Amino acid sequence: MFESVRDAIETMRGFAGRLVPGAVAPADAVVLVELAAELERLAGAVRTLAAPRAAESGSWEHEGFRSAAHWLAARSGTSVAQATSTLEAARRLPDQPVVDSAVRAGRVSVPQVIELTSAIGVSPAHEQVLVEYAAREPLAILREQCRRVIASAAHEQHLDRYRRVHETRYVRHWTDTDGAFRLDARLTPDAGAQVWAVLERERAAVFTDARRDGRREPYDAYTADAFVRVVTGTGTATGTATVHVDIDHAALVRGHTVAGERCEIRGIGPVPVAVARRLADDSVLKVLVTDGVDVRAVAHAGRTIPAHLRSALERRDPKCVVPGCSVRERLEIHHVVPFALGGPTTLDNLARVCAHHHARITNDGAQLVRHAEGGWAWRGPP
């Protein structure tokens, strides 16, 4: 039984043992990585489909594991949390034929399946759209879209989930194998956004100090220094940290979102409208209410971006628009048709991109092209 699977494993084991990366042409390495990724997705599909039946066997208990999830985590080299989510996703698959088909074809990974089945379980009508979304967007962006679907499809459940997060909030610490002090926190989105806004503000001061001293380090390192400054009270940044909440006016009036509407903390994710209403009176937060201003009609004679247009652009492009890029911080505004060539300062001719891709466009001849039906295409430098 399963001899074909065992044969495939032996074939791949032999191939991996003989592989000499330096002997592979770069172009062939690209093909090899793509093939390996497809194999990985197919292996994940088999594991996911079989996991619930394995859990029913009870063998995990005889082997001394606390639960089927603990057994699956040990066998697959993942965390117990991810194994639990995998089991839950697998049990939803029979009711989600489009996702099930994509899984069996190796078109989606296990983390994608977890996100898809969770959102589609709440809103089955979005199944086809979300599976297509998974095929073209990074996991982080798919996760955000699934959160939006869940939030708009079941606002009562969304508020309940928010309350559960608040009830189970924590900050924990431990020491890792290197002796480093480690932290893990679970907070509601609004509390986390306020914490992160303060850290970002202090990180800017840390960055300035580092440049003055001639130091260049990763931004994560600057954030760690900012965290220590804020907690110990030794920070130097002044002013009020601002957290942006984007919400449609109709949702604000109604009290909850419906399909196509948004109520979310920029860069964090959806929150219940009730939370946004409470935050609207908080001087620390800024609520951007979209009330139907026709930003597409807004233009400007110069390069300066008008306030309405900038707000609409930030809302439309929360991340770098280049397909596959998920950078959200320090985005730059790009004129698709260059301003020097008569390109207008309108929403249709603007896009937010990360500094890397903006430099590739400006200095190396890469192009960002907008599809007629919406969306963007990237054409690398010649």
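Which helix holds His-358? I found His-358 in helix α16, residues 355-364. Helices here are DSSP runs of H or I with at least four residues, strands are runs of E with at least two, and both are numbered from the N terminus.

**Ground rules.** I noted that this is a predicted model, where local features need pLDDT of at least 70, side-chain atom pairs count only at pLDDT 80 or more, and totals for chains, interfaces and linings use all residues. Residues are numbered from 1 along each chain as its sequence is written, and side-chain values use heavy atoms, with hydrogens and water left out.

**His-358, continued.** Is His-358 buried or exposed? I read a relative accessible area of 15%, so His-358 is buried. Buried means under 20% relative accessible area, exposed means over 50%, and partly exposed is in between (1.4 Å probe, protein chains only). I then listed what His-358 touches: Glu-332, Ile-333, His-334 and Val-353, leaving out residues up to four places away in sequence. A contact means heavy atoms within 4.5 Å.

**Whole protein.** I counted 16 helices and ten strands. The C-alpha trace spans about 70 × 55 × 50 Å along its principal axes. Of the 382 residues, 34% are buried. I also checked contacts between residues at least 6 apart in sequence: 53% of them join residues at least 24 apart.

**Cysteines.** How many disulfides are there? I took a disulfide as a pair of cysteine sulfur atoms within 2.5 Å. The count is zero. Cys-320 is in no disulfide, and its nearest cysteine sulfur, on Cys-325, is 3.8 Å away. Cys-320 has 0% relative accessibility, so I marked it as buried. Cys-354 is in no disulfide either; the nearest cysteine sulfur belongs to Cys-320, 3.9 Å away. Cys-354 is buried too, at a relative accessible area of 6%.

**Helices α2 and α5.** I looked at how α2 (residues 26-57) packs with α5 (residues 80-92). The angle is about 100°, and the axes are 8 Å apart. Axes are lines fitted to C-alpha atoms, for helices over the stretch in contact, and angles run from 0 to 180 degrees between N-to-C directions. The two helices, α2 and α5, are therefore roughly perpendicular. That term covers 65 to 115 degrees; under 35 is roughly parallel, over 145 roughly antiparallel, and the rest oblique. From α2 the contact uses Thr-48, Ala-51, Pro-52 and Ala-55; from α5 it uses Thr-86, Leu-87, Ala-90 and Arg-91.

**Ala-69.** I placed Ala-69 in helix α4, residues 68-76. Ala-69 is buried, with a relative accessible area of 7%. Ala-69 touches Val-80, Ala-83, Thr-84 and Leu-87, not counting residues up to four places away in sequence. I also checked Ala-69 against Ala-55: they are 14 residues apart in sequence and 8.1 Å apart in space, C-alpha to C-alpha.

**Val-99.** I found Val-99 in helix α6, residues 97-104. Val-99 counts as buried, at 0% relative accessibility. With residues up to four places away in sequence left out, Val-99 touches Leu-93, Leu-116, Thr-117, Ile-120, Glu-127 and Val-131.

**Strands β1 and β2.** In which sense do β1 and β2 pair? I found β1 (residues 170-175) and β2 (residues 181-186) paired in the antiparallel sense over six bridges. Two strands pair if DSSP finds at least two bridges between them. Val-171 stands opposite Ala-185 in β2. β1 and β2 form a hairpin with five residues between them, and Gly-179 in the turn has a positive phi of about 85°.
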